[in-house]
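Please look over the sequence and the model below, and then follow the description from the whole chain down to single side chains.

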Amino acid sequence: MSRFLNVLRSWLLMVSVIAVGNTVQSFRDHSFLSQKLYTGTPDYVNGLQARTFGIWTLLSSIIRCACAIDIQNRTLYHITLWTFVLALGHFLSEAFIYKTAPLTIGVMAPLIVASFSIVGMLIGFQCKVEPQEAVGARQKKRN
């Protein structure tokens, strides 16, 4: 496995652990979201919305951790990439379309993490090696 994929695995694991912390915070006190993320309309944030955000964050964390463990799993790799695309889309839309999350440090952090992760995972596609069975099966089809 390439050195880059090992760094990417560590990155995914670190992001996953941080997301678990955000999940716990979302369940513990929903004012976390209104004070750090959705500062444009803090009245919109309630316990239900915070718990939903927490579950979404926990699911993303589990997917990213699983990818860090099995980074050669092509399907899991794609799904993990999509978790970052969805997070980036969510925070960009909340900042620029709905105006519920102005560009504070609390919003910039997930935007930066999602952006770097997307770029890293796209670069990681170049480093991934195909399993020998897939290469052998493709060669058999050609013959």
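Among the contacts in the protein chain between residues at least 6 apart in sequence, 69% join residues at least 24 apart, where contact means heavy atoms within 4.5 Å. This is a predicted model, in which local features need pLDDT of at least 70 and side-chain atom pairs count only at pLDDT 80 or more, whereas totals for chains, interfaces and linings use all residues. Residues are numbered from 1 along each chain as its sequence is written, and side-chain values use heavy atoms, with hydrogens and water left out.

The protein chain holds six helices and zero strands, and its elements run α-α-α-α-α-α from the N terminus on; helices (H or I, at least four residues) and strands (E, at least two) are DSSP runs, numbered from the N terminus. Of the 143 residues in the protein chain, 36% are buried, a term that means under 20% relative accessible area, with exposed meaning over 50% and partly exposed lying in between (1.4 Å probe, protein chains only). The protein chain exposes about 8700 Å², of which carbon and sulfur atoms supply 66%, the accessible areas coming from the Shrake-Rupley method with a 1.4 Å probe, and for residues only the protein chains shown count as cover.

Two packed helices are described by the angle between their axes and the distance between the axes. Helix H3 (residues 47-69) packs against helix H4 (residues 74-96) at an angle of about 145°, and their axes are 9 Å apart; the axes are lines fitted to C-alpha atoms, for helices over the stretch in contact, and angles run from 0 to 180 degrees between N-to-C directions. Residues that make this contact include Phe 53, Trp 56 and Ile 63 of H3, and Tyr 77, Phe 84 and Phe 91 of H4.

Helix H2 (residues 31-36) contains Ser 34, and Ser 31 also lies in H2. Ser 34 counts as buried because its relative accessibility is 14%, and Ser 31 is buried because its relative accessible area is 19%. The side chain of Ser 34 reaches the backbone oxygen of Ser 31 at 3.0 Å, while the side chain of Ser 31 makes a polar contact with the side chain of Asp 29 at 2.7 Å; a polar contact is a pair of N or O atoms within 3.5 Å, and within protein one must be able to donate a hydrogen and the other to accept it, with residues adjacent in sequence counting only if both atoms are side-chain atoms. Leaving aside residues up to four places away in sequence, Ser 34 touches Thr 39, Pro 42 and Val 45.
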